Amino acid sequence: MSTNTATVYIPRDTTALSLGADKVAAQLQNQQPNINIVRNGSRGLFWLEPMIEVATPKGRVAYGPVQPEDVESLLASDFLQGGSSHPLYLGLTEQIPYLAQQQRVTFARVGVTDPVSLNDYRAHGGLVGLEKALALQAQAIVDEVKTSGLRGRGGAAFPTGIKWQTVLDAPSDKKYIVCNADEGDSGTFADRMLMEGDPYCLIEGMIIAGLAVGADQGYIYLREEYPVAHAILNEAIACAEQANILGDNILGSGKRFNLQVRLGAGAYICGEETSLLESLEGKRGMVRAKPPLPAIVGLFGQPTIVNNVISLASVPDILAKGGEHYQEFGTGRSRGTLPFQLAGNIKQGGLVELAFGASLKTLLQDFGGGTRSGKPMRAVQIGGPLGAYLPEELWDTPLDYEAFMAIGAGVGHGGIVAFDDSVNLSQQARFSMEFCTIESCGKCTPCRIGSTRGVEVIDRITNDEQRSGSLEEREKQIELLEELCDTMVHGSLCAMGGMTPIPVTSALKHFPQDFLPNAAGNKAAQGADHA
Amino acid sequence: MTTTADSSTLAATLNSIIAEHQGLEGPLLPILHATQKALGYIPSEAVPVIAQQLQLTKAEVHGVISFYHFFRSHPAGNNTIQICRAESCQSMGSRELEANIKQRLKTDYHQTTADGEITLEPVYCLGNCACSPAIRVNDDIHGRVTMDKFEHILDELLTVAVELK
Ligand SMILES: Cc1cc2nc3c(=O)[nH]c(=O)nc-3n(C[C@H](O)[C@H](O)[C@H](O)COP(=O)(O)O)c2cc1C
Ligand code: SF4
Ligand code: FES
Ligand code: FES
């Protein structure tokens, strides 16, 4: 291969773009107009982004993190031959330990292919699952998903096959497949990465879901905060329609499935499935009481599958290789793999897809490499803003649904946010309550009013000026906070109000010293409100 | 421009947006998005028009607009900057960053700088949490933001406007 027609991969993933990938691509194209630049997804090694790769006969060779000003020296080196002389050389991509030690199943193609190229998709195993599904009876598709042991990746971990069975069994001429792409949890980006890096995988999963339950219309409810994913999904849907993968004649089968992306509008609660359905219908995102389940009375009153992006994107592989193969990964009742997301104050942040059962410590230390600040790691929050804050003593817990439930926590969507020792957990608890006041749909008093009271009570606990400073009074306020949390847990319709107490009580339980009035940061925090 | 011209432009824009989306199932959010994209906000005059054409009450349309943080009923600046306030960014110093940016721009959340250039908004996660703290400038997301980096971003953003003056 002559060097000036070399192929170079530069991600168009949000995180890579946020660190300058577009400028690197422009600089490279400008200095070497003959280079063939492919804009792929990200491999998920985010601390190395923008990470660019050169195709060589031995495989792809990575360099990173590359800034526009590095382009000149890269081109002056043996970069286009995949040589090792440049300081940003990282070696063969697939041999970088962070990647080599993962079990990439759902994310097998992410970062590898051009996300909108159907040729790439087919060449890397895409559409095999759909072809199999087209040859099966609806019940057989559902059975395959049941065999896989797949549980919903959006947070609640409900068995996907059972949900699909309910929709299949619900008699109706009109049914819907709704993909929950609202990904509102802080510390999570797996849905985004998949939609930006392998959108056809989600599209294929949704078509298979449609075939499984007899639905011919799908919607992807995407958060407005993801403009890059929006553009890539729309591009991919248009290509899939052109190629008769979507539309009235799926791969020549005569079967029909149509798909649209709908944008949310900055409401965290619209990630809750019934609020999401209200929003799709064009209403305020007020949570509906269950029952009836959305599987029976869902979008526009019709039976509806609501599944998370990763749940749906797991399905093509399950159909292609069989549910039996998928369930060989994992432990106990947590089957398959989970894309963990390392975020926050972490040196090597990124996406780590592993079978269930790895320990949190492995993720934080072996993959994460400790904190980015270099200070000791003190707490991690797992599972988004409704997830627990865990101290080091609990980092040996294996990452599976049941083990986490046993310590009063949840794996949720797999987001892990690390904090160093400058964190003040009473401030974090206060933020959890504040977030609930901002994002509550307003239907239940304990959620709407309780969270406002929660902020006030935490302020009283941590502020010694407002009270006479008596220990007794402080104890009273802590008791009040615990009662308030209890009321929220028992008096809320959905997990917004019902689980906000989890970060609060875990912070209080594991880090009580941070709630003392003289704890660092508590004085400064007073009055530093959000608005 | 006279008010009459303004309102007839508004009516024309709205009518074409509504016509384009009316065939969708659940057309209200797509219409509101398109309106805000075209006009920068959803003017109160739009509410009765949308309501009438979708056979909703004005209160229903208004209720939807006010429920969602993203929709605004008043004009914004030429650019919108969102600062992520969620946990992952907090762990990397976003509380301090947010205070510094507010001070630098002399503005608070939901407000616009005196020169009309920048509207500041809070946001809860941009999905860029492996490279916190994050901000969004119009449709561009930036990671590992420091005040130095912010000055750079601001420079690039405002250069064009300044040159025109
Ligand atoms: C407040 C709240 C926010 C939620 N946000 C999301 C979200 O952003 N994405 C998601 O997939 N599920 C979210 N869920 C869970 C959904 O209600 C629902 O369980 C999920 O979409 C079902 O899909 P799954 O079975 O594939 O996980 C949220 C739930 C609550 C209570
Ligand atoms: S718990 Fe909160 S968010 Fe959930 S339904 Fe009640 S008020 Fe709405
Ligand atoms: S009102 Fe909550 S951010 Fe301003
Ligand atoms: S928490 Fe700020 S980008 Fe996710």
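Tutor: We begin with buried area, which is the accessible area, taken with a 1.4 Å probe, that two parts lose on being put together, summed over both. In this predicted model, chain B and chain A bury about 4,200 Å² between them. Carbon and sulfur atoms account for 53% of that area.

Student: Which three residues supply more of the area that chain B buries against chain A than any other three?

Tutor: They are E25(B), F67(B) and E87(B), which together supply 17% of the area that chain B buries there.

Student: How many residues of each chain are said to be in contact?

Tutor: On chain B there are 44, and they are in contact with 65 residues of chain A. Each has been counted because contact means heavy atoms within 4.5 Å.

Student: Why is the pair E224(A) and R136(B) called a salt bridge?

Tutor: The closest N and O atoms of E224(A) and R136(B) are 2.9 Å apart. The cut-off is 4 Å between a side-chain nitrogen of Lys or Arg and a carboxyl oxygen of Asp or Glu, so the pair qualifies. Between chain B and chain A the count is three salt bridges.

Student: What makes up the side of chain B that touches chain A?

Tutor: Its residues divide into 20 nonpolar, 13 polar and 11 charged. Among the elements that give two or more residues to this side are helix 2 (28-39), helix 7 (147-164) and strand 5 (140-142) of chain B.

Conventions: Residues are numbered from 1 along each chain as its sequence is written. Chains are lettered from A and ligands numbered from 1 in the order in which they are written. This is a predicted model: local features need pLDDT of at least 70, side-chain atom pairs count only at pLDDT 80 or more; totals for chains, interfaces and linings use all residues. Side-chain values use heavy atoms; hydrogens and water are left out. Helices (H or I, at least four residues) and strands (E, at least two) are DSSP runs, numbered from the N terminus. Ala, Val, Leu, Ile, Met, Phe, Trp, Tyr, Cys and Pro count as nonpolar, Asp, Glu, Lys and Arg as charged, and the others, Gly among them, as polar.
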